[in-house]
Amino acid sequence: MGRVYNFSAGPAVLPEEVLREAADEMLDYNGSGMSVMEMSHRSKEYQEIIETAEQDLRDLMNIPDNYKVLFLQGGASQQFAAIPMNLMKNKVADYIITGQWAKKAYQEACLYGKANAIASSADKTFSYIPDCSDLPISDDADYVYICENNTIYGTKYKTLPNTKGKTLVADVSSCFLSEPVDVTKYGVIYGGVQKNIGPAGVVIVIIREDLITDDVLPGTPTMLKYKTQADAKSLYNTPPAYGIYICGKVFKWLKKMGGLEVMKQRNEEKAKILYDFLDQSELFKGTVVKEDRSIMNVPFVTGDADLDAKFVKEAKAAGFVNIKGHRTVGGMRASIYNAMPKEGVEKLVEFMKKFEADNK
Ligand SMILES: *Cc1c(COP(=O)(O)O)cnc(C)c1O
C-alpha cells in the first residue's frame, strides 16, 4: 500500500517532499557522515540547522525583533503551566473557554493563581466562538488566554478578543502557519508542532521580550522559565534536535509554496470544498456555526452513531484514514492541515457522495 490520505488531527500529515528529503539525508546529513539524530546539538552543523529554522519562521510570520522564538519540549500541555508560572505577576488571568484545550489550560492556571473563566461556549458543546468584543476583563489580569483554533470542535476565532489592553496569549497548535498573523497583537503565541508543522516533541513559543523576566512564580523549574530558554537560545539542554530539523524543512517548504498568504488561500479553498458539500448534503452535516468554522479541522456527523462508524470503517478501507471524531465527541473529523493536498479533500468528498447515495 502506498501513502494514504491521512486526516489525523495530530500527529498529522507532513509534506511528502519533506519526508523524502529527510530520507535522503538520513544516513549522511550534508557530508557530515552522520544523521542529524546522531549529531551534537552544539555542533556547527546543528547550530546552522536551528538558526536557519528560526530565521525562516521569522520570515514566514514576519516576527518583529522584539519577540523571541523558543523551540521547547513538553508539548502544548506543558505550556499550560509555564504560561501562568512566567506571566502571573498579579496572580490573575482571564481565560476564554472554547473547548477542551482551553479548559485544560484554565484548570492548570487555577493551580497557580486566580484564573477567571470570563466567557465560554460550553452551553452549546463548543460549537461556536463567544462574542469577545466587550468581555469583563479583570483590571489586574496579567493576560487574557485563548485557544485560537479548537482542534476537537472545529471552531476558530475570526477576530481576536478585545483584551482591553491586556496581554493576549494564544495556543495556536492547530492553526500554526495556516495563514498570516499579526504577531504584534499577541504577547505569546505558542503551539505544539505535531498538528500543522512537524513531528511530535517540539513546541514553539513566540514571546514578546518584555514578558521574559526573572520575576516568575516561586518554585518555577529552571527549565520552564522562558528566561532560561531565551538566554540559551533554546539550547539550555539538549533540544528535540531532529524534530526541529524537520520543522526547518517544513518552513523551507512553506516559503517555496509562496508563504502564508498562499497557504491561507489554499486552505480556504480546500475547506470550502468540504463545507460546500456538507451544506447541501442530506446525510452529513457540519457541527459548527458557519461564522466560526475552522479551515483546519472539520467535524461532521450523520446523526446516527452506527452510520458514523460504518462511514469511518469504509473510509479507512478506501484510503481515507484517521477520520473518526475525537473520542469525547464522536462523529467524524477531517483535519485538513497545510500538507493535505487539495486532491485529498476532493477525493474525500467524492467518497462521501458515494456513501450518501449508497446509504439513503
Ligand atoms: C493537540 C493540542 C494540544 C495538546 O498538545 P500536546 O502537544 O499533546 O500537549 C493543545 N492545544 C491544542 C489546540 C491542540 O490541538
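Which helix gives the largest share of the shell around the ligand? Select helix α3, residues 75-87: 4 residues of the shell come from there. Keep in mind that this is a predicted model.

**Stop 1: the ligand shell.** Now show the residues around the ligand. Gly75, Ala76, Ser77 and Phe80 are among them. Colour by class, and the shell splits into 4 nonpolar, 6 polar and 2 charged residues.

**Stop 2: polar side chains at the ligand.** Select Ser77. An N or O atom of the Ser77 side chain sits 2.6 Å from an oxygen atom of the ligand. Go to Gln194, where a polar side-chain atom is 2.9 Å from a ligand oxygen. Next comes Lys195, with a side-chain N or O atom 2.5 Å from an oxygen of the ligand. The ligand alone exposes 380 Å², and the protein buries 87% of that.

**Stop 3: Pro161.** Move to the loop between β7 (155-156) and β8 (168-171), where Pro161 lies. Pro161 counts as buried because its relative accessibility is 8%, under the 20% cut-off. Beyond its neighbours within four places in sequence, Pro161 contacts Ile96, Cys132, Ile146 and Leu168. For a distance check, pick the C-alpha atoms of Pro161 and Ile295: they are 19 Å apart, across 134 residues of chain.

**Stop 4: helix α6.** Select residues 241-257. Of the 17 residues in α6, 13 are buried, so the helix is largely enclosed by the rest of the structure. At 1.5 Å a residue, α6 should span 24 Å; the end C-alpha atoms are 25 Å apart, which agrees. Finish just after α6 at Gly258, which has a positive phi of about 120°.

Notes. Residues numbered from 1 in each chain as written. Predicted model: local features only at pLDDT ≥ 70, side-chain atom pairs only at ≥ 80, totals over all residues. Heavy atoms only, no water. Helix = DSSP H or I, 4+ residues; strand = E, 2+ residues; numbered from the N terminus. Buried < 20%, exposed > 50% of the residue type's maximum accessible area, 1.4 Å probe, protein only. Contact = heavy atoms within 4.5 Å. Expected span 1.5 Å × (residues − 1). Near = heavy atom within 4 Å. Polar contact = N/O pair within 3.5 Å; in protein donor to acceptor, adjacent residues only side chain to side chain. Areas by Shrake-Rupley, 256 points an atom, 1.4 Å probe, with all protein chains shown as cover. Nonpolar A, V, L, I, M, F, W, Y, C, P; charged D, E, K, R; others polar.
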